[in-house]
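Please read it alongside the sequence and the coordinates.

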Amino acid sequence: DPATLASTLEYRASSGEARRMALWIALTHFFQHQVHHRGQALTILKQAGKDIGVTDLPQMPGVVQVIG
């Protein structure tokens with residue numbers, strides 16, 4: 001819903017400071033931040049010799065349907 005995404009998120013930083021930002025910016029940050037940490041975890045596992053397998057969603061079985 002565009003109106004919800006354009007709404008304002010109010011929160012307190014870890015310092016206790018009151019802050020606000022557009023919800024769409026906060027959601028974008030949350031997504032990018034988890035991707036960053038997932039990449040860190042996968043790097044550590046790969047460096048430890050673990051086979052992390054396929055991590056690209058379109059390459060996983062049953063996700064993409066071939067048409068035509």
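Predicted model: local features only at pLDDT ≥ 70, side-chain atom pairs only at ≥ 80, totals over all residues.

Residues are numbered from 1 along each chain as its sequence is written, and side-chain values use heavy atoms, with hydrogens and water left out. Helices (H or I, at least four residues) and strands (E, at least two) are DSSP runs numbered from the N terminus.

**Strands E1 and E2**

- Strand E1 (residues 8–12) and strand E2 (residues 18–22) pair in the antiparallel sense over five bridges; two strands pair if DSSP finds at least two bridges between them.
- Arg12 has Ala18 in E2 as its bridge partner, and Glu10 stands opposite Arg20 in E2.
- The hairpin of E1 and E2 has five residues between the strands, and Gly16 in this hairpin takes a positive phi near 95°.
- Of the five residues of E1, the number buried is zero, so E1 lies largely in the open. Buried means under 20% relative accessible area, exposed over 50%, and partly exposed in between (1.4 Å probe, protein chains only).
- In a regular strand the side chains alternate between the two faces of the sheet.

**Salt bridges**

- A search of the whole structure finds two salt bridges, each defined as a side-chain nitrogen of Lys or Arg within 4 Å of a carboxyl oxygen of Asp or Glu.
- Glu10 forms a salt bridge with Arg20, with the closest N and O atoms 3.4 Å apart. Glu10 lies in strand E1 and Arg20 in strand E2, so the pair ties together parts that are ten residues apart in sequence. Both Glu10 and Arg20 are exposed.
- Glu17 forms a salt bridge with Arg19, where the closest N and O atoms are 2.8 Å apart. Arg19 is partly exposed at 38% relative accessibility, and Glu17 is partly exposed with a relative accessible area of 43%.

**Helix H2 and the segment after it**

- The 25 residues of H2 should span 36 Å at 1.5 Å a residue, and the end C-alpha atoms of H2 are 36 Å apart, which agrees. The expected span is 1.5 Å times one less than the number of residues.
- H2 is followed by Gly49, which has a positive phi near 90°.
- Asp51 is found in the segment after helix H2 (23–47) and is exposed, with a relative accessible area of 75%.
- A polar atom of the Asp51 side chain lies 3.0 Å from the backbone nitrogen of Gly53.

**Nonpolar surface patch**

- Leu5, Trp24, Ile25, Leu27 and Phe30 make a nonpolar surface patch of about 480 Å². Patches are made of residues with over 30% relative accessible area and no salt bridge; like charges are joined within 9 Å, and nonpolar side chains (Val, Leu, Ile, Met, Phe, Trp, Tyr) within 5 Å. Accessible areas come from the Shrake-Rupley method with a 1.4 Å probe, and for residues only the protein chains shown count as cover.
- H2 gives the largest share of the nonpolar patch, four residues.
- Trp24 is found in helix H2 and counts as partly exposed at 48% relative accessibility.
- Leu27 is also found in helix H2 and counts as partly exposed at 39% relative accessibility.
- Leu27 and Leu9 are 18 residues apart in sequence, and their C-alpha atoms are 9.9 Å apart in space.

Key: Polar contact = N/O pair within 3.5 Å; in protein donor to acceptor, adjacent residues only side chain to side chain.
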